[in-house]
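Thanks for coming, everyone. I'll keep this short. Please look at the screen.

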Amino acid sequence: YGINSEEDADIDLAEAWLITKGDESIKIAVIDLGVDLDHPDLDDNLLEGYDAVPDDELAGGGIFMSDGNALAIDYHGTGCAGIIGGEENMTGTIGVAPQCKIVPIRVGYGIDEDTKIIDDDWMMIGINYAYTDGDADVISMSIGSYTESEMVNLAILGAKMFGRADKGTIVVCS
């Protein structure tokens, strides 16, 4: 137990699953360094994704995949997608909402284990795609930068106001 924690400070997942494990009509955009589109614990829950990183980002280009696929060293988005929507398939773990669908959106990439390239323009483009073309009900962003960006903040505000046919997209950031 940490400071200010309570004994029952969990999400009561077993109890929640008695009510629902999600619904295949719910789309959750995972905005990150991409998602492994061939992961056996995710593949049936993945919808068409999006890659906001330009193909010519590195000299020579061509190393990037489309549809939100991650490079081999970029496993963070795959882990986040698994926590959200890992399938109930006797492989790996089960996500919190295994019956929901995932829209993978790649807004950065790794040079190596310690160096990640994330651009505010790519973040803005990815967020805008999530709530417009991706029709996301929820946007999950476990990614960011060390500086505040007005354009990213405006994209988040746009999702919260205009997503889901003007009902607002739920945006979760960490």
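How far is the sulfur of Cys80 from the closest cysteine sulfur? The answer is 12 Å, and the partner in question sits in Cys173. That is too far for a bond. Keep in mind that this is a predicted model.

Let me stay with the cysteines. A disulfide is a covalent bond between the sulfur atoms of two cysteines. The cut-off used here is 2.5 Å between the sulfurs. The structure holds zero disulfides. Cys173 is partly exposed, with a relative accessible area of 47%.

Cys173 brings us to strand β7, which covers residues 170–173. Which strand does β7 pair with? Its partner is β6, residues 138–141. The two run in the parallel sense, with four bridges. Within that pair, Ile139 stands opposite Val171 in β7.

Next, helix α3, residues 120–131. Here is a quick length check. Twelve residues at 1.5 Å a residue should span 16 Å. The end C-alpha atoms of α3 are 17 Å apart, so the length agrees. What happens at the start of α3? A side-chain oxygen of Asp119 comes within 2.7 Å of the backbone nitrogen of Asp121. Which residues of α3 are buried? They are Trp122, Met123, Gly126, Ile127, Tyr129, Ala130 and Tyr131. As a reminder, an α-helix has 3.6 residues a turn, so residues three or four places apart point the same way.

Last stop, Asp41. Where is Asp41 found? It lies in the loop between β1, residues 27–32, and β2, residues 50–51. Is Asp41 buried or exposed? Asp41 is buried, because its relative accessible area is 5%, and the limit for buried is under 20%. What does the side chain of Asp41 reach? It reaches the backbone nitrogen of Thr93, at 3.1 Å. Leaving aside residues up to four places away in sequence, Asp41 also touches Gly85, Gly86, Glu87, Asn89, Thr91 and Gly92, along with Thr93 itself. For a sense of scale, take Phe162, 121 residues from Asp41 along the chain. The C-alpha atoms of Asp41 and Phe162 are separated by 32 Å.

That's the tour. Questions, please.

Key
Residues numbered from 1 in each chain as written. Predicted model: local features only at pLDDT ≥ 70, side-chain atom pairs only at ≥ 80, totals over all residues. Heavy atoms only, no water. Buried < 20%, exposed > 50% of the residue type's maximum accessible area, 1.4 Å probe, protein only. Contact = heavy atoms within 4.5 Å. Polar contact = N/O pair within 3.5 Å; in protein donor to acceptor, adjacent residues only side chain to side chain. Pairing = 2+ DSSP bridges. Expected span 1.5 Å × (residues − 1).
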